Amino acid sequence: MKVVVLTGAGISAESGLATFRDADGLWEGHHPEDVATPEAFAADRSLVQRFYDERRAGLGRVAPNAAHVALARLEETLGDDLFLVTQNIDDLHERGGSRRVHHMHGELGVAWCVACDRRTTWGGTLIDEPDCPSCGTAALRPDVVWFGEMPYGMDDIHRALFSCDLFVSIGTSGVVYPAAGFVDYAHAGGSRTLELNLERAANSDFHESRQGAATALVPAWVDEVIALHAARA
Ligand code: NAD
């Protein structure tokens, strides 16, 4: 059985990371358009570098939760038949044990040099505008995809969506495109679709929708899939 799992900020909420738009419409006290667009970076580079520096530093204070760990367990069972794509820029899937994670919106732990186009694993800060380790130019930015930029790996993602048997969306509000449209691709490819979320998402056109916390819903669903897989083997 081929399964595509899409995760959003909701899967990391119980680890202590704020979701994108909290009740006040802000992301960690900022309007998303002030910290997550190329225009914002051009207008106030320091503010944006500091914002992502703080998010990167914050990763050291959180740990993966039962939902991340359950998806790693699913990967152990399904291997390459699981395609895990995340909108999250945190590293909690990897730290939960997942080995093949498609970060469509990039990663906090990577710096991108816009002068030489090299990517470098990055644990420190960028507010101090350090030189790129490859070309020596002070032109590093967080390797995260902002509004108006092209998400990574879309061809692979579309291919996986068209050819899967089951598409599962976890902890995402269904308002940020193109991820919000994945359910339509999955339907077009004839797959079954399932949503696991605190509340029904804005694009809730799934065959099945389960409401609750990710740490409860995801391990239970993974158990179901593993049992089904064992029964078919
Ligand atoms: P979102 O904040 O728009 O939506 C989060 C969804 O998760 C909501 O529908 C909410 O009901 C649900 N949710 C909240 N707590 C939950 C829980 N405990 N269990 C299950 N569901 C829960 O997030 P999104 O749709 O992923 O928005 C995407 C954008 O946010 C991306 O561009 C991403 O890069 C960025 N972002 C990433 C992180 C991260 O890496 N952890 C954090 C904040 C924002």
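# Chat about a predicted model

Me: Where does Pro-178 sit?
Reply: Pro-178 is in the loop between β7 (166-170) and α8 (182-188). Keep in mind that this is a predicted model.

Me: Is the peptide bond from Tyr-177 to Pro-178 cis or trans?
Reply: The bond joining Tyr-177 to Pro-178 is cis, and its omega is near 10°.

Me: What about Asp-117, what is its phi?
Reply: Asp-117 has a positive phi of about 70°, although Asp-117 is not a glycine.

Me: And where is the place of Asp-117?
Reply: Asp-117 belongs to the loop between β4 (106-113) and β5 (119-121).

Me: Let's step back. How many helices and strands does the protein have?
Reply: There are nine helices and nine strands in the protein. The radius of gyration is 18 Å, close to the 17 Å that the globule rule gives for 233 residues, so the protein is as compact as a globular protein of that length.

Me: What box do the C-alpha atoms fill?
Reply: Along the principal axes, the C-alpha atoms of the protein fill a box of roughly 55 × 40 × 35 Å.

Me: OK, the ligand now. Which residues come nearest?
Reply: Phe-20, Ile-89, Asp-90, Thr-172 and Ser-173 come nearest, out of 27 residues around the ligand.

Me: What does Ser-173 do there, in terms of atoms?
Reply: Ser-173 has a polar side-chain atom 2.6 Å from an oxygen atom of the ligand. Asn-197 also places a polar side-chain atom by a ligand oxygen atom, at 3.0 Å.

Me: Which residue has a polar backbone atom 3.3 Å from a nitrogen atom of the ligand?
Reply: That is Leu-198. As for cover, the ligand taken alone exposes 870 Å², and the protein buries 91% of that.

Me: What classes of residue make up the shell around the ligand?
Reply: The shell has eleven nonpolar, twelve polar and four charged residues. Helix α1 (residues 10-13) gives the largest share of the shell, three residues.

Me: Changing topic: how many cavities of 30 Å³ or more does the structure hold?
Reply: The structure holds one such cavity. About 30 Å³ of space lies in this largest cavity.

Me: Which residues line the largest cavity?
Reply: The lining is made of Leu-6, Phe-167, Ser-169, Thr-172, Gly-174, Ala-179, Ala-180, Asn-203 and Phe-206. By class, that is five nonpolar, four polar and no charged residues.

Me: What about the second largest pocket, how much space lies in it?
Reply: About 180 Å³ of space lies in the second largest pocket.

Me: Which elements supply at least two residues each of its lining?
Reply: Those are β8 (192-197), β9 (208-211) and α9 (214-232). The largest share, four residues, comes from α9.

Me: Can you name who lines the second largest pocket, and what classes they have?
Reply: The lining residues are Met-1, Asp-165, Leu-166, Arg-192, Thr-193, Leu-194, Glu-208, Arg-210, Trp-221, Glu-224, Val-225 and Leu-228. By class, this lining has six nonpolar, one polar and five charged residues. The lining of the largest cavity, by contrast, has no charged residues.

Terms used: Residues numbered from 1 in each chain as written. Predicted model: local features only at pLDDT ≥ 70, side-chain atom pairs only at ≥ 80, totals over all residues. Heavy atoms only, no water. 1 Å grid on protein atoms, 1.4 Å probe; cavity = no way out; pocket = protein on both sides within 12 Å on 5 of 7 lines; lining within 4 Å. Points joined across faces, edges and corners; volume = space filled by probe spheres on them. Nonpolar A, V, L, I, M, F, W, Y, C, P; charged D, E, K, R; others polar. Near = heavy atom within 4 Å. Polar contact = N/O pair within 3.5 Å; in protein donor to acceptor, adjacent residues only side chain to side chain. Areas by Shrake-Rupley, 256 points an atom, 1.4 Å probe, with all protein chains shown as cover. Rg over C-alpha atoms; globule rule 2.2 N^0.38 Å.
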